[in-house]
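I opened my notebook to look through one structure, step by step. Here is what I looked up.

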Amino acid sequence: KPHPASVLMACAMLGVRPSDAWMIGDSPWDIQAGHAAGCRSAAVLWGPFTKDRLAPSCPDVWLETPEEMVGLA
């Protein structure tokens with residue numbers, strides 16, 4: 001990461017188009033890899049990086065709790 005290869009491989013293995021997938025991560029590199037793969041991205045706020053540190057990566061959404069992942073579509 002931030003190279004998109006692992007994200008693209010996961011999408012291929014799951015039979016999901018990257019444009020229909022979410023990259024959920026707790027680091028700027030996770031968000032960057034998702035964007036590079038063509039996925040939407042969600043930054044989690046319970047990981048090691050602060051919102052200020054994650055913000056420059058421009059996630060599509062912010063998640064404050066794991067339960068919020070269920071609502072992504």
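**Entry 1: the end of a helix.** I started just after α2, where G38 takes a positive phi of about 90 degrees. I kept in mind that this is a predicted model.

**Entry 2: inside α2.** Next I asked which residues of α2 are buried. I found P28, D30, I31, A33, G34 and A37. I then checked what these buried residues pack against: α1, β1 (22-25), β2 (40-44) and α3 (51-54). I also looked up A37 by itself. Leaving aside its neighbours within four places in sequence, A37 is in contact with P4, V7, L8 and P18.

**Entry 3: the core.** I looked for the largest nonpolar core and found 7 residues in it. They are V7, C11, A21, M23, A33, A37 and C39.

**Entry 4: the aromatic pair.** How many aromatic pairs does the structure hold? I found 1. The ring centres of W29 and F49 are 5.6 Å apart, and their planes stand at 75 degrees. Planes over 60 degrees apart count as edge-to-face, so I noted this pair as edge-to-face. W29 lies in helix α2 and F49 in the loop between β2 and α3, so the pair ties together parts that are 20 residues apart in sequence. W29 is partly exposed at 35%, and F49 is partly exposed at 23%.

**Entry 5: the surface.** Last, I looked up a nonpolar surface patch of about 460 Å². M9, M13, L14 and V16 make this patch. L14 is found in helix α1. Is L14 buried or exposed? Its relative accessibility is 66%, so L14 counts as exposed.

Key
Residues are numbered from 1 along each chain as its sequence is written. This is a predicted model: local features need pLDDT of at least 70, side-chain atom pairs count only at pLDDT 80 or more; totals for chains, interfaces and linings use all residues. Side-chain values use heavy atoms; hydrogens and water are left out. A nonpolar core is a set of buried Ala, Val, Leu, Ile, Met, Phe, Trp, Tyr and Cys residues joined through side-chain atoms within 4.5 Å. Buried means under 20% relative accessible area, exposed over 50%, partly exposed in between (1.4 Å probe, protein chains only). Contact means heavy atoms within 4.5 Å. Helices (H or I, at least four residues) and strands (E, at least two) are DSSP runs, numbered from the N terminus. Patches are made of residues with over 30% relative accessible area and no salt bridge: like charges are joined within 9 Å, nonpolar side chains (Val, Leu, Ile, Met, Phe, Trp, Tyr) within 5 Å. Accessible areas come from the Shrake-Rupley method with a 1.4 Å probe; for residues, only the protein chains shown count as cover. A salt bridge is a side-chain nitrogen of Lys or Arg within 4 Å of a carboxyl oxygen of Asp or Glu. Rings of Phe, Tyr and Trp (its six-membered ring) pair if their centres lie within 6.5 Å; planes under 30 degrees apart count as stacked, over 60 as edge-to-face and the rest as tilted.
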